[in-house]
Amino acid sequence: MFASYRDALRAALLYLVISCVWLGITGCLLNNLFDDSPELVRWQLINGYVWVVLSAGLIVLVRGGWPGFLGRGAGLSRHAEDRAQLRQAQAVFDCTHEGVLVTDRQRKIVHVNRAFMEITGYQPEEVLGHTPSLFKSGHHPPDFYKKMFQDLGRGGQWSGEIWNRRKSGEIFPQWQTIRVIRDDCGQLSHYVAVFSDISAIKDSEHELKHLAHHDPLTDLPNRLLFGDRVEQALASAQIHKRGCALLMIDLDHFKMINDSLGHNVGDRLLKAVASRLREMFGPGVTLARLGGDEFAVLVESCGQLVQAAALAQRIIDGLKEPFVIDADQLFINASVGISLFPSDALSAEQLLRNADSALFKAKSAGRNDYALYTEELTAHAQHRVETAFELRRALEQQELRVYYQPVHDLRSRRLIGVEALVRWQHPQRGLVPPGEFIPIAERTGLIDEIDAWVMRQACQQMCAWQDAGVVLSFIAVNVSTRLFARRELYQRVSQVLHDTGLDPACLELEVTESAVMGDPEVALEQMHRLRELGVRLAIDDFGTGYSSLLRLKRLPVQKLKIDQGFVAGLPWDDDDAAIVRVIIALAQSMGMQVHAEGIEHVEQAAFLLDQGCDLGQGYWYGRPMPAAELDWARAPLIH
Ligand code: C2E
Ligand code: MG
Ligand code: MG
């Protein structure tokens with residue numbers, strides 16, 4: 001009725017003034033005209049009647065909105081204010097980056113702003129009169145919308161993330177606030193929805209989440225995500241009563257590729273390995289990179305041990321094919337450790353740990369193979385600890401022995417040197433070969449002491465032979481990778497030579513290819529210093545590592561020892577024959593001697609002689625034996 005409280009006040013005042021004026025005028029008039037006569041009573045009645053009519057008329061006018069004119073000047077300025085406010089609101093409405101959509105109470109769209117058009121791709125004429133269900137993405141279940149209208153009914157407002165569909169059909173996330181508008185009588189008249197497109201935020205959120213859970217190099221799940229997947233898989237396996245397998249893969253000697261060919265090549269190789277592994281597996285298998293050269297595979301349904309073993313073999317075989325990087329062929333082997341749920345472990349953490357132990361077992365057993373986790377492994381670990389303890393005692397109790405294996409000149413067939421090989425005369429276990437305790441000694445640090453002791457024994461023995469008139473060109477001693485990496489090696493060697501008085505030219509130090517290529521710069525410096533002492537240097541087990549030819553050329557080495565693995569197939573295995581030929585040619589081209597180990601048959605010796613190999617060592621010539629048993633007169637015949 002009244003536009004405002006002020007209007008109502010004005011109307012009441014007007015009514016009061018008119019009433020007073022009327023009653024005042026008529027009262028005076030009547031009093032003057034009729035001095036207390038019956039006429040006066042009649043006229044007062046008429047006056048009252050007119051007053052009532054006047055009042056009624058005024059009320060009718062007021063109800064009809066007539067008093068508006070009373071505040072005409074003020075009303076006009078307020079209208080102008082309102083219009084300005086409306087224009088401002090319209091400008092805000094159009095400029096805002098948020099989409100705005102207004103519907104009537106039947107949820108028919110009655111207004112949209114410019115941002116709405118930009119975000120949704122619709123023009124107003126395409127949406128006006130329609131309901132917002134036009135934008136439904138199908139992303140939310142009916143309950144979602146039911147809950148939304150319940151909230152609107154209860155609190156008059158709803159805010160949340162909602163996925164809608166643009167005109168192009170693209171589904172996108174938006175953050176939306178809807179408010180209910182009510183009229184003066186409290187009746188729902190409109191809904192106003194304000195929303196913003198949050199696809200960009202969602203994308204970066206998604207990207208961040210992806211980065212936190214994936215390895216950036218290979219884009220495979222990382223350790224964190226893999227751990228989660230294992231936990232989920234075990235929970236589901238428990239419910240469905242099925243088995244799972246976890247395979248841990250480690251690339252053999254990958255460090256050498258990194259060191260010899262550079263990290264760039266190493267990274268590309270890792271990427272290539274990841275994509276080859278990815279191709280091997282279908283759904284239900286998760287492949288992850290746990291770090292460095294370590295990958296892991298989770299098979300969500302694997303009931304049989306043989307299934308897991310077959311998969312491990314497939315991985316090993318699959319990685320054997322060369323990788324081509326920059327037109328170069330790179331070869332890499334892998335070791336795999338397997339742990340099974342529920343037979344080996346019941347928790348994700350245990351399963352991972354056991355697969356890791358199995359991997360260690362595979363690596364210790366010579367790499368390029370797989371190993372299963374069984375309870376035996378725990379016993380294996382305990383055995384290692386005991387052995388390390390006993391080995392300490394063995395050194396003190398002088399249970400170690402040095403055996404000597406003859407080395408022959410292939411052309412003259414003469415015995416020209418020996419290799420010193422350590423043994424452990426164990427009080428209960430008998431003669432223990434070095435393969436069973438050298439790796440443990442390397443891990444516990446005892447190897448330094450063992451190598452120093454063997455070197456001293458060997459040098460003393462060589463002096464004793466020389467004193468007895470036995471003419472040998474050299475005595476070879478193995479130097480562990482660990483000791484080779486340390487600078488004290490030089491002091492150790494010079495001290496032993498000084499103490500024993502052996503001519504340094506008679507001492508040959510054998511270093512494995514992996515020790516040299518592990519840290520080529522340190523190796524180079526170490527070798528130069530040792531050469532200054534006058535000792536000879538040989539690379540042992542050549543062909544099993546990743547030698548960089550360029551680096552090999554720079555090394556002050558006098559001899560390459562062909563690994564017995566290549567000699568074993570001679571002369572019938574074409575691959576072995578080809579590799580041996582190449583190594584001999586390589587050594588000759590670099591002015592080095594070639595020495596073949598593991599010669600067990602006359603045919604192997606004949607082939608090697610034929611190819612120009614200089615020296616030979618193996619059971620065919622003689623096994624490693626105590627010094628006293630060496631038969632100096634024996635000169636085996638090749639033909
Ligand atoms: P290696 O230096 O390559 O020594 C050659 C190995 O091949 C020896 O094994 C030897 O007995 C074996 N062998 C020789 N001829 C034949 C053959 O015709 N057929 C076969 N199947 N094998 C043959 P061993 O004595 O068991 O030594 C194994 C490895 O242990 C050595 O390989 C060497 O790497 C390491 N080692 C031995 N003694 C020492 C030592 O005093 N210090 C260090 N650090 N390592 C040592
Ligand atoms: Mg050796
Ligand atoms: Mg060897």
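**Loops, a metal site and a helix pair**

Colleague: Where is Lys241 found?
Modeller: Lys241 sits in the loop between helix 8 and strand 6 (244–251). Helices (H or I, at least four residues) and strands (E, at least two) are DSSP runs, numbered from the N terminus. Bear in mind that this is a predicted model: local features need pLDDT of at least 70, side-chain atom pairs count only at pLDDT 80 or more, and totals for chains, interfaces and linings use all residues. Residues are numbered from 1 along each chain as its sequence is written, chains are lettered from A and ligands numbered from 1 in the order they are written, and side-chain values use heavy atoms, leaving out hydrogens and water.

Colleague: What's phi of Lys241?
Modeller: Near 50°, which is positive in a residue other than glycine.

Colleague: And is Lys241 buried or exposed?
Modeller: Lys241 is exposed, at 73% relative accessible area. The cut-offs are under 20% for buried, over 50% for exposed and partly exposed in between (1.4 Å probe, protein chains only).

Colleague: What about Asp219?
Modeller: Asp219 isn't a glycine either, yet has a positive phi of about 65°. Its loop runs between helix 7 (199–213) and helix 8 (223–240), and at 43% Asp219 is partly exposed.

Colleague: OK, metals. What coordinates the magnesium ion (ligand 3)?
Modeller: Asp540 (OD), Asp541 (OD), Glu597 (OE) and Glu597 (OE), at 2.0 to 2.6 Å. Donors are N, O and S atoms within 2.8 Å of the metal (3.2 Å for Na, K and Ca), and water isn't among the atoms, so sites may look incomplete. In sequence the donor residues are spaced D-D-x55-E.

Colleague: Which residue coordinates both ligand 3 and ligand 2?
Modeller: Asp540 does, and those two magnesium ions are 4.1 Å apart. Asp540 is buried at 6% relative accessibility, while Asp541 is partly exposed at 25%.

Colleague: New topic: where's the cis peptide bond to Pro342?
Modeller: That one joins Phe341 and Pro342, with omega about 5°. Pro342 lies in the loop between strand 11 (334–341) and helix 12 (348–364). The bond from Leu570 to Pro571 is cis as well, with omega near -5°.

Colleague: Last one: which residues of helix 17 meet helix 19?
Modeller: Leu489, Tyr490, Val493 and Ser494 meet Gln526, Arg529, Leu530 and Leu533 of helix 19, where contact means heavy atoms within 4.5 Å.
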